[in-house]
Each structure stands twice: as C-alpha cells, then as structure tokens.
Amino acid sequence: MGVHILGLLVENKPGVLNRVAGLFSRRGFNISTISVGMTENPDISRMTISIKGDEKELEQVTKQLNKQIEVIKVSEISKDYVERRLALIKVNTSDSEDRSEIMQIADVFRANVVDVSKKNVTIEVTGDRDKIEAIIEMLKEHGIKEIAKTGTVALNRGKKSMEVD
Amino acid sequence: MKGAEAIIKALKKEDVEHVFGYPGGAVIDLYDAIHEDDDLKHILTRHEQGAAHAADGYARVTGKAGVCIATSGPGATNLVTGIATAHMDSVPVVALTGQVPVEMIGNDAFQEADTTGITIPITKHNQLLKESKNILSTIKKSFHIAETGRNGPVLIDIPKDLQSEDIDFDYPKDISLPGYNPTFRPHELQIKKAVDAIMEARRPVIYAGGGVIASNASKELRELSETIMAPVTTTLLAKGCYNEESDLCLGMLGMHGTKEANYAITESDLIIAVGARFDDRVTGKIEGFAPNAKIVHIDIDPAEIGKNVKTHIPIVGDAKKALNKLIKRINRKKIKKENTEWHNKIKRWKKEKSESLKSEGKRIKPQFVVKKISEKTPDDTILATEVGQCQMWAAHYYKFKKPRTFLTSGGLGTMGYGLPASIGAQIAAPDKKVWNIAGDGSIQMNIQEIATAVKFNLPINIAILNNNYLGMVRQWQELFFDERYSQTHLGENPDFSKIAEGFGAKGMVVEKDSEVEEAIDIANSTDKPVLIDFKVKKEENVYPMVPSGSTLTEMLERKDIKGD
C-alpha cells in the first residue's frame, strides 16, 4: 500500500469536486488529501489527490476518474517531482525563552513566523509530508493549540508537464 | 422562443419521437410546450419509475436514447431506480427533470431535492442548468454522451424559471467535451496478439456480453465463432445476440448458467470476452474462474479491463470493429475446425437433458409455461422480464434468436422493470409481439402501468408465474437457511385477472397444462393488453445453481436436492 499522487485537469465547473471526491468513497478507495485550484486557463482547474493503495487500485482509480466527463486528464505524478504541503501551526508560548526556542525550530525547518502574541506563535511551514510531520513533532512539547494543513500539490520536474491535448 | 419550447424542438433535432413522463409543478412549462406540439408523442405513465423503465425498454429495442421526464423532488426521486437500472446495464437514457427556480435552489423549497447530487453515482453524466443559454448545448451533449462509448443514462436538471425564459433556437452543430473521447478503434498490435492466441488455442470459448448487442455486433460474433468454431456462451444481457438453436451455443454462464457453459469456461484455454464485465454472478468464486485460460477482453470501457479478473490481452474499442478486425486477420486455412476433442467434449456436456415439464396432476410447472410461450410466439417477439425466478426461467426456457428482443434488469436486478419496459418496447416496435414474464411478487411493484398499456392500446401480454412466493429468495432460504421462509410467502395473492379487467385489460387464469397453449394463442391474437395468471408449482427451484461464493463447476442440479 504505497502513497500515490495523482494530478487531474478538470473542467472548472460547479459540482466537479463533488463528483471526483464522491467517486473515491463510492468505489472504496482511500483519499489522503485533495487540493484544487484554477490553472492558468480559467476554464480548467487542477486537482492534486494523494491516495493510499496498491498498483491495481491505482489503475482502477485512474480509469474511473478518466471516465468522468468533466475530467480532462489524469496522470500519476511519480519519480522526479516536487511535492509541497503547507501548514499553519499555532503553538502555545509561556515566556520569552519558550518563544525563542520555537523560533529556532522554525528556523531550522525554514518555516516562517507569521503571527506572534503574548501567549502564542503561529508558524507557516511548507514542505513534503515528512517535513511537516517532523516540525509538528518538534513543536508538540510546547503545546500545539491548532493546526490547519493543506493537501499535497505536486508538479513534475523539468520539461514534463500535464497539458490539455 | 421559450426555453421549454426550445427543449422540445431540441429533442426533435435529436430524432426523438416518443417521450415517457409525468407532469408536475416544476415541469409545467415543459408540458405546456408538449401540449402545443403536434409531432412529439408523450406517453403518460402512472408512476415516474414506469416512465424511466419504459424509456429504458424503448432504448434497448431501438438502440437510441429513450427519453423520460419528471418533475422536481419526488418526481425525480421516483426516476432514480429506473436510472440506476439503465446505468447498470449500460442503456442510453436521457432524463429531464424539473427543478425549483434557480433563486430558490438550496432553500428546501417545495418539492426540492438535490437531483444531480442524488444521481451522480447512477448516471454516466448529469448537469444542473443554471442559465438558459446553456439549455441547447447541454441537450446536444447529453444525447452524445448517452449514445456513444459505453452507453448510459444522462440526466439534465432544469430549473422552472429557465423553461419560461426567452432564448434563441440556435441548435449547436458541434460540441466541446474535452474530457470525453471514447476509444472506438482497437489497437492493431492488440488485435495481432489476440489472433495469435486464437491460432494457438485448443479449447477456445467466446464469452459474449451486452456490449455485443449495444454495438450491433451479432453478425460479427457469429462470423467469428463459425470461423474458428468456438462455442459461445452469453451473459443474461447478451441473450439474443447469438442464435440459441446453434450447435455452438452454450447458453448462459454463471450462477444459473448451463452445465456446458460453466464447464467449458472452466476447462477452456482461451476466453474471448466481448462486451462483458466479469460480473460476480458470471464468474462465481473468482479464484476458480477459468483457471487454465488466457483471457482476451474486448470492451469499450477501459475501466472494465482488469477490474475483476486478470486480462492477458486487453482490447479497448468498439466490439463490432474489434470482431471485424479479428475475423479479417485470422488465417482460416490453419484453423483446425470441427470434431476436435474440444467439440466432442462440449457435445457430451450438452447432451439433451431429460427433464419432464409435465405437471403430473399438480400445479403447472413454470418452465412449461415459458417453453410454450417460446414455441408459440414469432422469432422477433420481444420478451421482457421482471426479476427473480421468473427471470431465470425466461432465460433458460425461452429460445432467443435475435438481438434486442430481450429486456431484463441484469445488473441492478430491479423488480418492477418488466411491465413498464414492455410498454417502452411496444411503443418502439408496434408491429412486434411483446411478452412480459413476471412473478406474482414483482408484477405488484409496477402493476399500475397496466393502465398505461390500456390507455395507449398496447397489446402487450403479461404472463404471471404465480407461485405465491417471492420465489428466488424462498429458494435461497430453502437451500441455505434451513427452509426458514422469512417473509417470502405472499399467501393468497389478489386476483390478478380481475385487477387486469379492472384496468380495462383482458385477464385470464390458467391452472392446467392443457390450457396453457390456448391461453397463449388468445393472448397473441388479442389486440389489447392481456394478463394471464398462471398458477404454477409453489416450490419449484431454478437449476442449475452455483451457490454464492462457489466455483462455476460446483453446481447444484436437480438430483442433488432433497425433497424436490
């Protein structure tokens, strides 16, 4: 059961997200994260979906997604690619020593401090899944108040890209 | 012109001659346009489910999309079973539903339901219109999607206010569907691989599914099977695509398949699957399915390939095109044809079963009724069924000879399908005989549609195999639940012949073998709907039967069963 990342180009219309997300639960596939945004062409959105499953499941998911009329293209993003997630993490701080320690951790992870108050620091971190999990682990001992995370977005490196034929 | 008028005009552009439907508040504008139109014929059913099944039956007979109309909310939800039935069997249907005005969507307005949300999983595609300017292009796209590739139902949800807005009737010639491009033309290399496999095979079997009928490839199927002398087994939905009186025909395979079909599949070294999807009712326990065979799988839908069984040679494309290519490429001289060991083996399996269908003084055997209907109706008769034992007996004892003559809910297994589907069929083919083989349980699920048949003077014949039980479930309870007949005994049924008479149809009751033929003759020559209540043996079972979860050769046959 590996984690796979699928890139989808879909028509930018209401209901498409519902159609795609629903397909996963209907067919019993596990969706880990999903991210959606408009592409450079306003008629087309790009979805990035990370899923857990074996090769056979991945093949079925891909075929079922391709059957959706509003899905224009589906391809697995694998081998040479860039993958990012973003997390906003609000951490409790008790004193200035605590605060500077948190800021040091942020530094190590090349994360940004985006908000500071007497009792909290909010950190913005981008990276792959492992990096984000790692910083969360480090910040846990300070007490995490809340976390907001995005799903994965990913692009192939180099010339390779998804285009509408 | 008004949006509603434009919709009707668009339907006619798509060569729609008949629509099946039921009016209501959110489609009142559409119905006003129907009222004003002289060409488009509207068939008013007595329940929206009937309209959906009738459109489905119409589509299976003609090969063109059937059209049904319902109002918002309950009208649309009543279509749901019919749409799901069409979806599971890949039948082209275009469903038009009314919706509350755009402004009110999401407010829990009167008769509001999220119709597109509800029908996403059971349609090939659906669309909620928000602007009247998209009405025409959406209709054009919907017919294209329903009738091409793997056929299926498409639903268009049309808010009431859009139906009364003024639009220009400029019916699009071209449509843009960037994400929809079915592969029709099979890949040459795959064809070559399949031909090589065919040339090498010693025990080939063709496994034909509903896709053969959908792509009108019956002729090509026959040609391939006769060229390579391969026996043909069909799924339930493929019945009619291959003449069942041919020596090469093995009949149906699967849970209620024939012995010869299930044995042949199991011993085969090459299965050529055409437009079939290896459904669990066909394969039995998947590990034991065709253990020695290479599998060639021809299907228009790539998602079906490799879904349930491992395919060695996938061919994505139209069945007719693929079969044609195979036929052309096969080296006829090198194929060893008749009287091989394989053919002799099949002959032995096929050997005439000695089965008495006489009642022997008791109630009529249901199989006897179906056999007589088969004998006494013309070859191009359209046979519809309900679901359960009646359906399986129809499949076993009726000899199908032509494609598009068998209407049955195979995938979804919808009780209540047969009667409304017969109505659609008779509208589509007014000159053909139409029979519906029903059970006493399933006929009661849409019995109101007798009124529709009477109203439109459709001479359909309904044969109820009345055993006072929900027979198929009763059979499972007998075999696998120690005869605990929980809620399957219907007991004294209503007098179906009187119900028929009450609706204005002709009703008959038949209780003896000797009356069966005469009743069939009367039905065949009566020019209005006829219902015959055949009182049949109460505890007759459908055999052979492969219990759920067993392999295809683990069949229960008559002699294995106690007390039968």
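**Reading a sheet, a helix and a patch**

Modeller: Let's begin with the open sheet of chain B: six strands, paired in parallel, in the order S9-S8-S7-S10-S11-S12. Keep in mind that this is a predicted model.

Colleague: Okay, which strands stand at the edges of that sheet?

Modeller: An edge strand has a single partner, so one side of it is left without a neighbour in the sheet. Here those are S9(B), residues 249–252, and S12(B), residues 313–316.

Colleague: How many bridges join S11(B) to S12(B)?

Modeller: Four, and the two strands run parallel. S11(B) covers residues 294–299.

Colleague: Which strands does helix H10(B) lie across?

Modeller: For a helix on strands, check the contacts and then the angle. H10(B), residues 218–228, lies across S7(B), S8(B) and S10(B), and runs at about 170° to S7(B).

Colleague: Over to chain A. Which residues of helix H1(A) are buried?

Modeller: Buried means under 20% relative accessible area. In H1(A), residues 16–26, that picks out Val16(A), Arg19(A), Val20(A), Gly22(A), Leu23(A) and Phe24(A).

Colleague: What do those buried residues pack against?

Modeller: Elements from both chains. In chain A they pack against strands S1, S2, S3 and S4 plus helix H2, and in chain B against strand S5, residues 125–128. After the helix, look at the backbone as well: H1(A) is followed by Gly28(A), with a positive phi near 75°.

Colleague: Which residues make the nonpolar surface patch?

Modeller: Leu17(A), Ile31(A), Ile34(A) and Val36(A), over about 290 Å². Strand S2(A), residues 30–38, gives the largest share, three residues.

Colleague: Why does Ile31(A) count as partly exposed?

Modeller: Because its relative accessible area is 33%. Patch residues need over 30%, and Ile31(A), which lies in strand S2(A), has that 33%.

Definitions and conventions: Residues numbered from 1 in each chain as written. Chains lettered and ligands numbered in written order. Predicted model: local features only at pLDDT ≥ 70, side-chain atom pairs only at ≥ 80, totals over all residues. Heavy atoms only, no water. Patch = residues over 30% accessible without salt bridge, like charges linked within 9 Å, V, L, I, M, F, W, Y side chains within 5 Å. Areas by Shrake-Rupley, 256 points an atom, 1.4 Å probe, with all protein chains shown as cover. Salt bridge = Lys/Arg side-chain N within 4 Å of Asp/Glu carboxyl O. Buried < 20%, exposed > 50% of the residue type's maximum accessible area, 1.4 Å probe, protein only. Pairing = 2+ DSSP bridges. Contact = heavy atoms within 4.5 Å. Axes fitted to C-alpha atoms, helices over the stretch in contact; angles between N-to-C directions.
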